[in-house]
Structures are given as structure tokens and as C-alpha cells.
Amino acid sequence: MSQVQTVRGPVESAELGRTYMHEHIFVLSADVQANYPQEWGDEDARVADAVQKLNELAASGVRSIVDPTVIGLGRYIPRVQRIAEQVPDLNIVVATGCYTYDDVPFFFHHRGPALEAVLGEPVPDPMVDLFVGDITDGIAGTGVRAGMLKCAIDSQGLTAGVERVMRAVSKAHRQTGVPITLHTHPGSQQGLAAQRVLEDEGVDPRHVVLGHSGDTTDADHLAQLADAGFVLGMDRFGLNLETTFEARADVVVEMCRRGYAGQLVLAHDTSCYIDWLAPGLREFIPQWHYLHIQQEVLPYLREHGVTDEQIETMLVANPRRVLETVAPY
Ligand SMILES: [Zn+2]
């Protein structure tokens, strides 16, 4: 038996059930929100809205989500705790890490490896101990322990800041055995750049989800990453801006046809509220909500030859296997 850390405490991995591996609750620009809270509005109303949406998700049969909202995305665990108390049928796994496509946050600019040129010797990255502390001691005194590590690489590629976070996340992973979720940009094949750093850090790709893999329709590229051992996050269902519903679903169908159902996980990457979008913009992406997979994606997959067994593998067995913490290595 293996336990997974959730907002309400540890649960047996066998009890995770259907799991969406990448769903936010709130994505917030913390600095902006602290100073211009008008759009956010009433805290109680926002919490009540999230409680309602997440209870609807639980009622649809989903038992667990991973919320990869980390530094750079406005993580605030006391609010998530308040919500989790009112969503008793849904496990929420939270994450630690840092979300950037280019530089590290200014907080880290003149710490750790940034000082090596001046000091002339290796300086450990303080990010590693912060991430490990979130996993072993809990986050900011809440007692909530992170169950996943998060970093990102986007179309800018492996910038110095992106590489630094990726190496810190890799080290924290090997010290704790907690898995990694990695925002990628498959259109520019950044998974391959990430692979080089992860390999150099000795990370076993079976413990890494390459997020947003479903943003591409290039099944050959995805097969290459899966063959290397990675888990692929087909995790932006409903975010059909530069792609379509059919394109996202068809690449899952194709990957299942090729025998990769054992390495795919599903999600929407949606949220109850994200302050990156102007009011009204979400009306242009009407399928980007927590129920889209259940209501539209799964029926489409079944109609196109994906079996119930493969769906259960993607929704239950794969998330469970990924989230089970392994021994440090
Ligand atoms: Zn996300």
C-alpha cells in the first residue's frame, strides 16, 4: 500500500479512483490581486463557486484531482483547504515548484547558483530545500503536504531560469520520490530538451508527466517521448484555441491504437477562475470546464475505438501509479 498526500491528509493510492492529473482551482497573479482585487471580488462568493463546481466534478465520478498551482501561479493553500473541507468526495493533491518560461522569480536571482560566479564554488539552490520542505513538512504552516513537483518549459526553450528550476525540481524529486509534472510545449518539441536535463539529473522518466502533450497532433513525437518512458499529459481538453476538440481527442485515439494507453493521463487544465483572461474571454472557450471530459471526450473516444478498459487505465491506473511516491534514489 502506498499513501498519497492530499489537502485533507494522506489517502491510500488505491482510493484515488478516477483522477484528473492537471486541474487548477484558482490561477492568480498574486501581486496584482493584492493591489487590484476588484475583479476577484467577494472571497466568499469565489470559494462558494469553486465548492459548487468541484462538487459537480465529484458527482460526475471523478474522485481526485492534482492542482499544479505553484509559485508563479498564485498558490494559496489556506483557501484551497477551506474549499476542500466543503468538497468531501474529491481528493485534491497540491504541488510545489515554480512556474516560469524564462527567468527565475527575482526572489531567487541573487541566491544559490547565481552566486557561483562571484564565490567561485558551487552553491546549492535554495529552491531545492523549499520544495522538499513543502513535501516533507507541509506548506507555509498549513500542514498540507505537496504530492507533486512542477516546473515548465515553453517555446522559449531551455533558458537559464527554466533549466535552474528544472534541476531544482529534479533534485527535490530524487530526495523525496514525489513525481514531477512538467509543462511542455510539444509544438516545438521541448520535451526533448527537458529529457536531456532530467537525464543529466538522473530522473527516471516514468515519474514525470509531460504536460500539455495533447497540444500537438504529432503522434510520432509523442510516441518517441513515451518510448523514452515518460507519461504524457493529454490535459488541456476544452482549451481549443489553437486546436480543436477533434484534434485533441483524435491524438488520444491514435496513441491508444498504437498501444500507449498505459502512459496517458487526462485532464482539462481548467480552473474556477484565472485572472489571465479578460472578462468575457471564457465565452469563446465554452468547453473549458471540469465536466467536458465526462460529457464529451469519453463518448467520442469510445465511438472511435478506445475501450472502457483503456479509459480506466488512463483515468485510474496511470494516475495511481504516477502519484505513488517512490523511495528516494
Ligand atoms: Zn496548468
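Predicted model: local features only at pLDDT ≥ 70, side-chain atom pairs only at ≥ 80, totals over all residues.

Biologist: How are the donor residues of the zinc ion spaced in sequence?

Modeller: The pattern reads H-x1-H-x244-D. Donors here are N, O and S atoms within 2.8 Å of the metal (3.2 Å for Na, K and Ca), and water is not among the atoms, so sites may look incomplete.

Biologist: Which residues are the protein donors, and which atoms do they use?

Modeller: His-22 and His-24 each use NE2, and Asp-269 uses OD; they lie 2.1 Å from the zinc ion. Residues are numbered from 1 along each chain as its sequence is written, and side-chain values use heavy atoms, with hydrogens and water left out.

Biologist: Fine. Is His-22 buried or exposed? And what about His-24?

Modeller: His-22 is buried, at 2% relative accessible area. His-24 is buried too, at 5%. Buried means under 20% relative accessible area, exposed means over 50%, and partly exposed is in between (1.4 Å probe, protein chains only).

Biologist: Switching to aromatics. How many aromatic pairs does the structure hold?

Modeller: Six. Rings of Phe, Tyr and Trp (its six-membered ring) pair if their centres lie within 6.5 Å; planes under 30 degrees apart count as stacked, over 60 as edge-to-face and the rest as tilted. Phe-26 and Trp-40 make an edge-to-face pair, 4.9 Å centre to centre with 75° between the planes.

Biologist: Where do Phe-26 and Trp-40 sit in the chain?

Modeller: Phe-26 is in strand S4 (residues 26-27), and Trp-40 is in the loop between helix H1 (30-35) and helix H2 (43-59). They are 14 residues apart, and the pair links distant parts of the chain. Helices (H or I, at least four residues) and strands (E, at least two) are DSSP runs, numbered from the N terminus. Both Phe-26 and Trp-40 are buried.

Biologist: Which aromatic cluster are they in?

Modeller: Phe-26, Trp-40 and Tyr-273 form one cluster. Trp-40 also has the charged end of Arg-46 over its ring, 5.5 Å from the centre. The cut-off for that is NZ of Lys or CZ of Arg within 6 Å of the ring centre and within 35 degrees of the ring normal.

Biologist: What sits over the ring of Phe-107?

Modeller: Arg-111 lies over its face, 3.8 Å from the ring centre. Phe-107 is partly exposed, with a relative accessible area of 49%, whereas Phe-108 is buried at 6%.

Biologist: Now Ser-170. Where is it found?

Modeller: Ser-170 is in helix H7 (residues 160-176), and it is buried, at 0% relative accessible area. A polar atom of its side chain lies 2.7 Å from the backbone oxygen of Met-166.

Biologist: And what does Ser-170 touch?

Modeller: Leaving out residues up to four places away in sequence, Ser-170 touches Ile-180, Leu-198, Glu-201 and Val-203. Contact means heavy atoms within 4.5 Å.

Biologist: What about Ile-92, which strand is it in?

Modeller: Strand S6 (residues 91-97). Ile-92 is buried, with 2% relative accessible area. Ile-92 and Val-66 are 26 residues apart in sequence and 5.9 Å apart in space, C-alpha to C-alpha. Not counting residues up to four places away, the residues Ile-92 touches include Thr-6, Ile-25 and Val-80.

Biologist: Last one, zooming out. How many helices and strands are there in the chain?

Modeller: Twelve helices and twelve strands. Along its principal axes the C-alpha trace spans about 60 × 45 × 40 Å, and 57% of the 329 residues count as buried.

How values were computed: Polar contact = N/O pair within 3.5 Å; in protein donor to acceptor, adjacent residues only side chain to side chain.
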